[in-house]
Amino acid sequence: MRWSRVSLVRLVTIPASLGAGIIHFAVTPSHLEEYWLFGAFFLVAGLFQVATAAFLQINPGPSLVATMGVINGLIVLIWLASRTTGLPVGPHAFTAEEIGWADATSTALEVLVVAGAILSLTTTKKGGERISRRQVVRS
């Protein structure tokens, strides 16, 4: 059996999204105790990541893949802000948080989702022809 690049990307992207979502679910209660908005964010992020992992298995269309890449990229940026300058909301606004095992792991998984989305979207077929990353960047 020959694996396509898109199949291999899905093999990594689906469990990465699922793993990040599970981590977000696991830390939702502690974030709800800290500040309701943080808890709501972690719950919604977890729901999004688990749902999109399931949908990607069923129908791996480019719109879903692009949405996964963008949203996970935004989550990574929010994490970076929370660890460098601190977030502008919450009980400890503009206070940088320490990096922990769970958040570092979740962020690494989200980076894999973003990378997988980029690879998947830049190696699809159009009219039977393979599109290279160079062709996508030029267009």
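The model is a predicted one, so local features need pLDDT of at least 70 and side-chain atom pairs count only at pLDDT 80 or more, while totals for chains, interfaces and linings use all residues. Residues are numbered from 1 along each chain as its sequence is written, and side-chain values use heavy atoms, with hydrogens and water left out.

Five helices and two strands make up the element list of the chain (DSSP runs numbered from the N terminus, with helices being H or I of at least four residues and strands E of at least two). Read from the N terminus, the order is α-α-α-α-β-β-α. Of the 139 residues, 34% count as buried (buried is under 20% relative accessible area, exposed over 50%, and partly exposed in between, with a 1.4 Å probe and protein chains only). Taking contacts between residues at least 6 apart in sequence, 60% join residues at least 24 apart (a contact is heavy atoms within 4.5 Å).

Next comes the nonpolar core. The largest one holds 12 residues: Ile14, Ala16, Ala20, Ile23, Ala53, Leu56, Leu64, Val65, Met68, Leu109, Val113 and Ala117 (a core is a set of buried Ala, Val, Leu, Ile, Met, Phe, Trp, Tyr and Cys residues joined through side-chain atoms within 4.5 Å). Helix 1, helix 2, helix 3 and helix 4 each put at least two residues into this core, and the largest share, four residues, is from helix 1. Met68, a core member, touches Thr13, Ser17, Phe48, Thr52, Ala53, Leu56 and Val113 once residues up to four places away in sequence are set aside.

A search of the whole structure turns up one cavity of 30 Å³ or more, and the largest cavity has a volume of about 50 Å³. On a 1 Å grid over the protein atoms alone, a cavity is a set of points where a 1.4 Å probe fits but cannot get out, a pocket is an open set with protein on both sides within 12 Å along at least five of seven lines, and lining residues have an atom within 4 Å of a point. Grid points are joined across faces, edges and corners, and a volume is the space filled by probe spheres set on the points. The lining of the largest cavity is formed by Val9, Arg10, Thr13, Leu56, Val65, Met68, Val113, Gly116, Ala117 and Ser120. Helix 1 (5-34), helix 3 (62-84) and helix 4 (101-121) are the elements that give two or more residues to this lining, with the largest share, four residues, coming from helix 4. By class, the lining splits into six nonpolar, three polar and one charged residues (Ala, Val, Leu, Ile, Met, Phe, Trp, Tyr, Cys and Pro count as nonpolar, Asp, Glu, Lys and Arg as charged, and the others, Gly among them, as polar).

Val9, one of the cavity-lining residues, lies in helix 1 and counts as buried because its relative accessibility is 9%. Leaving out residues up to four places away in sequence, Val9 touches Gly116, Leu119 and Ser120.

As for open space, the largest pocket has about 420 Å³. It is lined by 22 residues, and the closest to its centre are His31, Phe41, Phe42, Ser82 and Arg83. Helix 1, helix 2 (36-58), helix 3 and helix 4 each supply at least two lining residues, and the class count is 12 nonpolar, five polar and five charged.

His24, placed in helix 1, is buried at 5% relative accessible area. Beyond its neighbours within four places in sequence, His24 is in contact with Phe42, Ala45, Gly46, Gln49, Ile75, Ser106 and Glu110. Phe94 sits in the loop between helix 3 and helix 4 and counts as exposed, given its 58% relative accessibility. The phi of Phe94 is near 60°, a positive value in a residue other than glycine.
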